[in-house]
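Hi,

Here is the structure I promised to pass on. Have a look at it first, and then read on for what I found in it.

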Amino acid sequence: MRKYVQNCIKNFIYKTEDNMNLLDGKRITLGVCYYPEHWQESEWESDLRRMLDNGIETVRIAEFAWSLIEAEENVFDYSFFDRFLEVAERVGMQVIFCTPTATPPAWLTKKYPEVLNTTMERVPFEHGFRRHYNYNSPKYQELTRRIVEKSASHYAKHPAIIGWQIDNEFNCEVAEFYSESDTLAFREFLKKKYGTLQELNQAWGTIFWNQTYTAWDEVDVPRMTPTNRVNPHRKLDYYRFVSDSVCRYAKLQSDILRKYIKPGDFITTNGIFGNLDSHRMTEESLDFITYDSYPNFSYCLGLYVEDDPTKDRNWSKHLSEVRSISQNFGIMEQQSGANGSMEMMAPVPKPGQMTLWTMQSIAHGADFVSYFRWRTATMGTEMYWHGILDYSGRDNRRLQEVKSIYHKLQKMDGIAGTTYVAKVAVIRDYDNIWNEQADVWQKNLNQASIWGLYQACQHTHTPYDYIYLDHCEETDLSKYDVIFYPHGAIMTDERAGILEGYVQDGGTLIFGCRTSYKDLNGICVTDKLPAKISEWTGVDIPEYTTVSPEEGAVRATWGDSELKTTLFNDQLTPLGVAEVVAEYEEGYYKGAGALIRHEYGLGKTYYYGSVFTADVAQVFLEKLGVSEPYAEIVRAPKDVEIAVRGEKYLFVLNFSKEEQTLCLNREVKNICTGHRESGHRRLKAYETRVYEI
């Protein structure tokens, strides 16, 4: 297992002095997604020059353009992008070139229908959208190798190209695969993992309901069953298989690209989506990951939640996920216009929101921000997915805002290459994420706690990180004062050992209910709970229950703070010198432990028998002394996010449509104006400021 820190360092090693690339640690740059195939060739040069005039230095191209290189099988024509790259080089525009495998051409899917993904009912997807292929088709892998090899061998040495994007948005829209190729590959995946059917049957508990397999050709990817409920252990391995398929497919492409790209050029892809170990994919195939940030999804028809207090600010949670993969990363698609397709609609960014969302990405670690897209498409599924410019291409306020962002970035010297600062972390891991999809008990609890912790940290201005336990070592945890691991149902000896070592060395670790009761196959253990962590947390769980709707919440008190325990309650008993610091005060288990603290080594553990709603999580942050870590410098209302990069640069982001007031408790420098500020300062609606502290 590679150390998380080693992976972060690797992300910067590929740079050279003679190539100004995206994450060179020197400055933050802007880009845009451009589709030369959508516009007249006579418009290319004026478009690119206009971009440069407004601070855009990089374009991404070609992710959906297979037919422009191979219009018919094994007949290659490079002239279209040769002409575009000639224009880009002439005007001084940098280019990110993409492999076009997200949209195989019609001739390919017609001639080779085996490349198509299918529904669980085995109905093939048809040509006419995107991401309709499957990763495991031998024929699609063969054709992928050929188009990537041909594209890279021809284009990679071009001086305008600075990097490559593999495919586009792996597992977006479709994250499950049921073709015959997937079944055959799934069997090979299982043979490699288990060796024998006896081991497979044991791991999947197939003795239950007479599901035992006696031949490998009886084992398929999940298929339709009554009520569509699938053996949960089989389903867990299936999601692992889907992730493995994507990772292998990404590596197939990156291995080819590495043979041809110039020294200093990078390889990335844009995500992150479901059923994919993005950490592994990045470690194996990428120099860094990029993300597609669309904060106005929070306002899309059908997704909008009236009482959601964070709305577009929620994208800070997603950016924290990206940061767990690459501490410095790029944004390949940053929202610049209204979201829209045939199925959804959302408003255009209000004045200041493009700046707000750009700075939100930068505050969380982005050193490159590329807007989607230059001009709005006049046709197709995304003709309502607006870009910087509308259909006519005339100047508008969004383009003016891009230029103002560029001017702000010119004054933000020193921020590029610095990383987000947090002393609080939340642990996640892929086994438990995938287990949630087969286990509604865990899913309901974990989703409630992940969002509760996020909202509490946001509203108390407490920066936090995500750490993936299956991609870290004990030393990766040591920089955090407090770590939450909400509901890690699946626990292994190795992971328990990493957590125990963190506590022994002085860390504070907080667990939530339903922790450590499953093995790696998702089978419930017969040990006394919480099994592998019981001894060093000082906890025994003789009984547990969901909280019935008529109860709503069961009250507990921690000192002078109330804990409203919802959804699920572990009834806790202390072991040894562990201490009950909160008891349930209602119901048939009144008096049972709700929260147990255990001093262990130089640190301590807390086991909380319920979920971390926003109110409960805020109590923990305050009791443990980690909330408002920058209160000595700035006090801000709840609608304002605080983020810090490099211990020196403090971002203040107003997500409210109303004016907000800050209190600067000491004099700091406004980087964009150069002025020193202190005392009460007003933030306009959606305004962002960056201070040197």
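In what follows, a helix is a DSSP run of H or I with at least four residues, and a strand is a run of E with at least two. Counted that way, the protein has 19 helices and 26 strands. Please keep in mind that this is a predicted model.

Let's start with the overall form. A compact globule of 693 residues would have a radius of gyration near 26 Å, and because the protein has 26 Å, the two agree. Along the principal axes, the C-alpha atoms fill a box of roughly 80 × 75 × 45 Å. Among contacts with a separation of 6 or more, 73% are between residues 24 or more positions apart.

Next, the inside and the surface. Of the 693 residues, 62% count as buried. The accessible surface comes to about 26700 Å², and carbon and sulfur atoms contribute 50% of that. As for charge, there are 76 positive and 98 negative side chains, with the centres of the two sets 3 Å apart.

At the start of α10, look for D277: one of its side-chain oxygens comes to within 3.2 Å of the backbone nitrogen of H279.

Happy viewing, and write back with any questions!

Best wishes

Methods
Residues numbered from 1 in each chain as written. Predicted model: local features only at pLDDT ≥ 70, side-chain atom pairs only at ≥ 80, totals over all residues. Heavy atoms only, no water. Rg over C-alpha atoms; globule rule 2.2 N^0.38 Å. Buried < 20%, exposed > 50% of the residue type's maximum accessible area, 1.4 Å probe, protein only. Contact = heavy atoms within 4.5 Å. Areas by Shrake-Rupley, 256 points an atom, 1.4 Å probe, with all protein chains shown as cover. Lys, Arg positive; Asp, Glu negative; His and termini not counted. Charge placed at Lys NZ, Arg CZ, Asp CG, Glu CD. Polar contact = N/O pair within 3.5 Å; in protein donor to acceptor, adjacent residues only side chain to side chain.
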